[in-house]
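Visitor: I would like to learn how to read a protein model, feature by feature. Please give the general idea each time, then the case at hand.

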Amino acid sequence: MTDKKKISAQKMNVDLATQVLNQLPTPVFAVNNDMEIIFMNKPGQDLLGMELDDILGSHCYTLMQSHHCETPECRMQLARETGKTCTARNEINIDGRLTPIEYTAAPLFDDNGELIGGLEYAIDITERVRDEKRLREQSRTIQEISTPAISLWDGIVVLPVLGVVDSLRAKQMMNTMLLKIKETSAKTIILDIQGVAAVDTAVANHLIKITKATKLMGCRCIISGMSPAVAESLVHLGIDLGDVATNSTLRDALGDAFTLMSLEVKKTK
């Protein structure tokens, strides 16, 4: 191939590469070692709302104004320093409009292997962030429903427990109880496990930890709803609940709570 044909072929390759990058549905840009933009595809120009001539030569951080710009968190800078591809979440600020993105930066080398800058592409993750927020809110709602701490009387809180108690659920129960104790200055809390079908060693250990934590908050804990089957299981498993007060019914537990707080309920005439 003659030199003229080689030059022509190289130009065709550059033109084709530019067309390909311009048709990608996400912003792509490259910077030199001074972090000045030397290329930006069409979606990147559209995102900034600027013409390419006005973009080229500008420092990328002056246009993106993201949380990572000009900080050690900048993945473009990190990619250039380490020679490795780096990915992170970020948020860019275009004319006061914040857009969550996930961006990947990679070092840019010339044909001789010399570092000449960096390459970066970004994906708009607005929908993903919105979905994650919705899931967190749903999870928080489910958690609140599954562990409803109820102020039954002045200084007395009841936490009815339904279903399976695993490590995560036990942690949620403990957090809920401790927060409720702090909010209400409760002196007695009743953990009603009538809705728990089975109690094994793990569940019993969770319950013991919860009662110990409440005790540290200056609050007595009573476990109610202790069915014959559950009591028999605890005996067979050799589990000792120690000095944890237990009752078979919530009514009995409430009576004990009144006694502990020196309260007396009388019928009015």
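Visitor: Is T214 buried or exposed?

Guide: First, the ground rules. This is a predicted model, in which local features need pLDDT of at least 70 and side-chain atom pairs count only at pLDDT 80 or more, while totals for chains, interfaces and linings use all residues. Residues are numbered from 1 along each chain as its sequence is written, and side-chain values use heavy atoms, with hydrogens and water left out.

Guide: Buried means under 20% relative accessible area, exposed means over 50%, and partly exposed lies in between (1.4 Å probe, protein chains only). T214 has a relative accessibility of 1%, so T214 is buried. T214 belongs to helix α8, residues 201–216. Helices (H or I, at least four residues) and strands (E, at least two) are DSSP runs numbered from the N terminus.

Visitor: Which residues does T214 touch, not counting residues up to four places away in sequence?

Guide: Contact means heavy atoms within 4.5 Å. On that basis T214 touches M177, L178, I181, I189, C219 and C221, with residues up to four places away in sequence not counted.

Visitor: Which residues of the largest nonpolar core touch the most other members?

Guide: In soluble globular proteins, nonpolar side chains tend to be buried together. A nonpolar core here is a set of buried Ala, Val, Leu, Ile, Met, Phe, Trp, Tyr and Cys residues joined through side-chain atoms within 4.5 Å. The largest one has 29 residues, and L191, I193 and L234 touch the most other members. At least two residues of this core come from each of β7 (156–162), α7, β8 (188–195), α8, β9 (220–224) and α9 (228–237). Helix α8 gives the most, with 5 residues. Apart from this core lies another, of 22 residues, including M40, L63, M76 and I92.

Visitor: What does I193 touch, not counting residues up to four places away in sequence?

Guide: Beyond those sequence neighbours, I193 is in touch with V161, L207, I223, S224, G225, M226 and V230.

Visitor: How many salt bridges are there?

Guide: Side chains of opposite charge can pair when their charged atoms come close. The rule for a salt bridge is a side-chain nitrogen of Lys or Arg within 4 Å of a carboxyl oxygen of Asp or Glu. By this rule the count is 6. One of them joins R89 and E132, at 2.7 Å from N to O. R89 lies in strand β3 (residues 86–94) and E132 in helix α6 (residues 126–146), so this pair ties together parts 43 residues apart in sequence. R89 is partly exposed at 38% relative accessible area, and E132 is partly exposed at 26%.

Visitor: Which salt bridge partners do D46 and R130 have?

Guide: D46 pairs with K42 at 2.9 Å, N to O. Both lie in helix α2 (residues 42–48), 4 residues apart, about one turn of the helix. D46 is partly exposed at 48% relative accessibility, as is K42 at 40%. R130 pairs with E127, and their closest N and O atoms are 2.6 Å apart. These two are 3 residues apart in helix α6, which also makes about one helical turn.

Visitor: Which side chain of opposite charge is nearest to K180?

Guide: Lys and Arg count as positive and Asp and Glu as negative; His and the chain ends are not counted. The nearest opposite charge to K180 is E183, 4.2 Å away, and K180 is buried yet has no salt bridge. K180 lies in helix α7, residues 167–184. Leaving aside neighbours within four places in sequence, K180 is in contact with A149, S151, V157 and S185.

Visitor: Where are E70 and D95 found?

Guide: Most residues other than glycine have a negative phi, and most peptide bonds are trans. E70 has a positive phi of about 60° although it is not a glycine, and E70 lies in the loop between α4 (60–64) and α5 (75–82). D95 also has a positive phi, near 55°, and is found in the loop between β3 and β4 (97–109). E70 is exposed at 63% relative accessibility, and D95 is exposed at 76%.
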